[in-house]
Amino acid sequence: MSAAVEPFKARRVYLVLRDRIGCGAIPAGTRLPGEPDLAAEHGVARVTVRRALDQLAQEGLVERRPGVGTFVRGGEALPPTVVEFSDVFSHLKEMGRRTEVRLLSFGYVVPPPPVAEALELTPGEPAQRAVRVRRMSGDPFSHLTTHVPARIGQTYSEAELASQPLLALLERSGLRIGHARQSIGATLAGPDLAEVLEVEIGAPLIALTRLVQDEEGHPVEHLRALYRPDRFSFEMQLQRTGAEGARRWSPMTSAGQELANERARRRDASPRDQERTSPP
């Protein structure tokens with residue numbers, strides 16, 4: 001077996017076990033099969049399994065007890081932050097208030113051409129560029145790079161951006177945020193991002209690009225956000241719409257969301273609560 005193949009196989013075993021632990025297929029407290037059994041299951045050598053288990057132990061996902069076995073640890077994983085896709089602005093403001101932010105860089109630069117074009121800047125026109133990392137309960141979950149036209153960015157200071165949500169600062173300047181266009185994809189963490197987000201080099205990340213506009217349609221912010229998928233996720237409520245024979249899934253409206261929430265509250269109410277709240 002070549003030296004290059006061995007680490008690849010160890011990582012494959014590590015990823016399979018990590019996914020099973022993460023989704024609950026292997027519950028907390030479970031004793032994993034022994035190294036010989038795992039090696040046979042995955043068709044690898046024992047040393048390969050040992051490397052995979054060592055990596056899981058380093059990340060705190062399992063506990064290795066000499067002479068006893070390897071056990072899945074529980075109670076330490078943080079639930080991911082979930083943002084409702086259809087009401088992203090209010091959720092982002094709230095997230096800004098209940099998370100910690102670290103400002104990595106702040107200044108005025110001529111942005112890359114795609115960003116300048118999106119912000120409708122003239123050639124050579126500067127923009128305020130800020131790079132921040134958001135943390136929740138001490139753990140990093142997002143890396144944010146924002147560009148704001150200089151004339152807007154000058155309405156707040158570096159210290160304010162380090163302590164307040166950007167959307168709140170934009171609105172304080174007199175802007176009325178109206179619309180946003182965003183796309184979501186995926187990317188891999190390079191060395192610098194991996195260090196900041198505390199993940200492995202090459203780890204998958206959620207990549208989001210958002211262009212925020214005021215009520216008149218003028219762009220006021222370009223955001224490039226990278227999220228750890230184990231700490232952050234987007235959610236969208238859908239409903240069936242259209243005529244019979246041509247029904248499709250569509251984003252749920254605010255009225256539909258309120259109705260769904262009310263139905264969920266009624267469904268979750270205990271029989272006693274239902275009896276007490278029912279009309280005579």
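Trainee: In which strand is V220 found?

Mentor: V220 sits in strand β9, residues 219–227. Strands here are DSSP runs of E with at least two residues, and helices are runs of H or I with at least four, numbered from the N terminus. Please keep in mind that this is a predicted model, where local features need pLDDT of at least 70 and side-chain atom pairs count only at pLDDT 80 or more, while totals for chains, interfaces and linings use all residues. Residues are numbered from 1 along each chain as its sequence is written, and side-chain values use heavy atoms, with hydrogens and water left out.

Trainee: What makes V220 buried rather than exposed?

Mentor: Its relative accessible area is 1%. Buried means under 20%, exposed over 50%, and partly exposed in between, with a 1.4 Å probe and protein chains only. V220 therefore counts as buried.

Trainee: Which residues does V220 touch?

Mentor: Leaving out residues up to four places away in sequence, its contacts include L119, H147, V148, I152, L175, I177 and V212. A contact means heavy atoms within 4.5 Å. The C-alpha atoms of V220 and L170 are separated by 8.3 Å, although the two residues are 50 apart along the chain.

Trainee: Why are α2 and α3 called roughly perpendicular?

Mentor: Helix α2 (residues 35–42) and helix α3 (residues 46–58) pack at an angle of about 105°, with axes 8 Å apart. The axes are lines fitted to C-alpha atoms, for helices over the stretch in contact, and angles run from 0 to 180 degrees between N-to-C directions. Under 35 degrees is roughly parallel, over 145 roughly antiparallel, 65 to 115 roughly perpendicular, and the rest oblique. The pair is therefore roughly perpendicular.

Trainee: Which residues meet there?

Mentor: E35, P36, L38 and A39 in α2 meet R46, V49, R50 and L53 in α3. They divide into five nonpolar, no polar and three charged. Ala, Val, Leu, Ile, Met, Phe, Trp, Tyr, Cys and Pro count as nonpolar, Asp, Glu, Lys and Arg as charged, and the others, Gly among them, as polar.

Trainee: How do you know that the buried residues of α2 line one face?

Mentor: The buried residues are E35, L38, A39 and H42. Seen down the axis of α2, they fall within an arc of 100°, so they line one face of the helix. That arc is taken from the directions from the helix axis to the C-beta atoms. On the other side, D37 and A40 are exposed.

Trainee: What makes a set of residues a nonpolar core?

Mentor: The residues must be buried Ala, Val, Leu, Ile, Met, Phe, Trp, Tyr or Cys, joined through side-chain atoms within 4.5 Å. The largest such core has 15 residues, and L17, I26, L32, V49, L53 and L56 have the most contacts inside it. Helices α1 (5–22), α2 and α3 each supply at least two of its residues. Apart from it lies another core, of 14 residues, among them V148, Y156, L169 and I177.

Trainee: What stands out about the phi of E120?

Mentor: Phi of E120 is near 60°, a positive value in a residue other than glycine. Most residues other than glycine have a negative phi. E120 lies in the loop between α5 (113–118) and β5 (127–136), and its relative accessible area of 56% makes it exposed.

Trainee: Why is E198 called partly exposed?

Mentor: Its relative accessible area is 47%, which falls in between the two cut-offs. E198 lies in the loop between α9 (191–197) and β8 (204–214), and also has a positive phi, of about 60°.
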